[in-house]
Amino acid sequence: YLVLRKRRLGKYYGLSVAVVSLVFCGVVYMMGTGTRFTTAFSTYATVLDLSGQKAEETTYLNIRTPDARKFTARLEPEYEVRALTRSSRYDQVPEAEFAAGRTPSVSFFYGAEETAVQSADNRAFEPRLFRLDREIAVDEDRGIVSSLEIFDGKISGTIENRFPFPLEDAAVFLYGQVLPLGDLEAGEIREIREEELLIWPAGLSYLAAGEMIEQADSQQASEGDVIRAVERTNFYTHFLNQTYSLYRPETRLLAFGPAGGLREEGSELGQSDGMVLYTAVLDAAYERDGLVYACGQRIEPVFTSAGGMTYGSGMMIYGEEPVTAEYSLGGDLEIETVSFLPVSECFLEDSRYSYIKQFSGEAEFYNRMTEEWDAVDLWQRDFTKEALSDYLTPEGTLLVKYISGESDTAGISQVLPLVMVTGRER
């Protein structure tokens, strides 16, 4: 304005403002071209289970559009597709009523060469969620091959990655026990020799997931690496929740790998980004010299307390009141040793969960002979059948009282040890 006024061109002020505004609008538009969505885009999370004769794939797919346009996603014909309409846990809106004769907003088309998902009546960036399931034939030269022995808290054997690509953030999981492997390179045969298993608090899967995923340093790593680490941790947590919320008698490999790891053809989903969790039940033996190594929490412990609380599949107590746990160790074994394995400290070091601590109180066993409670030291870890003769019932039941104490327990949850048993089959 001052320049035009000085040159006596003030009559062009309105026009010049309009021109300058248009120029800057054009500059801003051009600068944002590389980051602007112009077509439908999708994100996905896939679990690829290699445990059976065929791989079982489960994919959760989220397709969105930058505006109200229609979209069509073309998938391989063997997919079984289901629309996910709402979350019964988080969504408070009433369930939609599906009236006869109403034009659907999502349609499925099944053909010999493809399965198509078509969506209309969209809103900008509104999620359209789907679950895709299928079975995939696996070539004999691909997959995970293992031969493991697990006994007395240690693991030995080999794991072979027969894929032509690396598997990242790999780990061997049992209920309450885990061995981190890091990355398995393409074709690598990892030899494991009497390595100690870490004890993770079953039921608190987020503690285990955070330790298994290599976390990116937020000060040095790129924003993309930090986001990817968080996504993998959350996906790991979800899978562990689904798999180990209750006891399962299996040893399983978890690792991240690329999409299209079993075959090369892909679906037409526009711009797409996601992750694939590879998993497989491993071939493992739990016997040595006639002795069987088994989890003492195959049946979830029964807890009783006057005021304390328990959660996390029976591995967590909260409050100052004593808590009594009834462990059913199994009538199928002649028990030789009962072991109380404390949760590994690495799972309790995250400052975000400073309210979760190792159990540091006192413990007592119920004496069937005297009908009294006897103090014991759980830190000795192993209790032989001779030491347990007055406490263990013929059916393999053991009563343990956990006394958290009254000093530094306010607002603190304490993780209990994992109970394992060694014995001979009856």
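1. Tyr-175 counts as buried because its relative accessibility is 5%; buried means under 20% relative accessible area, exposed over 50%, and partly exposed in between, with a 1.4 Å probe and protein chains only. Tyr-247, at a relative accessible area of 25%, is partly exposed.

2. Some remarks on the basis of these values follow. This is a predicted model, in which local features need pLDDT of at least 70 and side-chain atom pairs count only at pLDDT 80 or more, whereas totals for chains, interfaces and linings use all residues. Residues are numbered from 1 along each chain as its sequence is written, and side-chain values use heavy atoms, with hydrogens and water left out.

3. A search of the whole structure gives 22 aromatic pairs. Rings of Phe, Tyr and Trp (its six-membered ring) pair if their centres lie within 6.5 Å; planes under 30 degrees apart count as stacked, over 60 as edge-to-face and the rest as tilted. Phe-163 and Phe-165 are a stacked pair, because their ring centres are 5.0 Å apart and their planes stand at 20°. Both of these residues, Phe-163 and Phe-165, are buried.

4. Tyr-175 and Tyr-247 form an edge-to-face pair, with 5.5 Å from centre to centre and 75° between the planes. This pair links distant parts of the chain, 72 residues apart: Tyr-175 is in the loop between strand S10 (167–174) and strand S11 (177–184), and Tyr-247 is in the loop between helix H4 (223–244) and strand S14 (252–257). Helices (H or I, at least four residues) and strands (E, at least two) are DSSP runs, numbered from the N terminus.

5. Ring pairs also join Phe-173, Trp-200, Phe-235, Tyr-236, Tyr-244 and Phe-256 into a cluster.

6. Strands S8 (residues 144–151) and S9 (residues 154–161) run antiparallel and are joined by 8 bridges; two strands pair if DSSP finds at least two bridges between them. Ile-150 stands opposite Ile-155 in S9. The hairpin of S8 and S9 has 2 residues between the strands, and Asp-152 there takes a positive phi near 55°. S8 also pairs in the parallel sense with strand S16 (residues 284–285), over 2 bridges, and Glu-149 has Ala-285 in S16 as its bridge partner.

7. Thr-59 lies in strand S2 (residues 54–64) and counts as buried at 5% relative accessibility. Its side chain makes a polar contact of 2.9 Å with the side chain of Glu-57 (a pair of N or O atoms within 3.5 Å; within protein, one must be able to donate a hydrogen and the other to accept it, and residues adjacent in sequence count only if both atoms are side-chain atoms).
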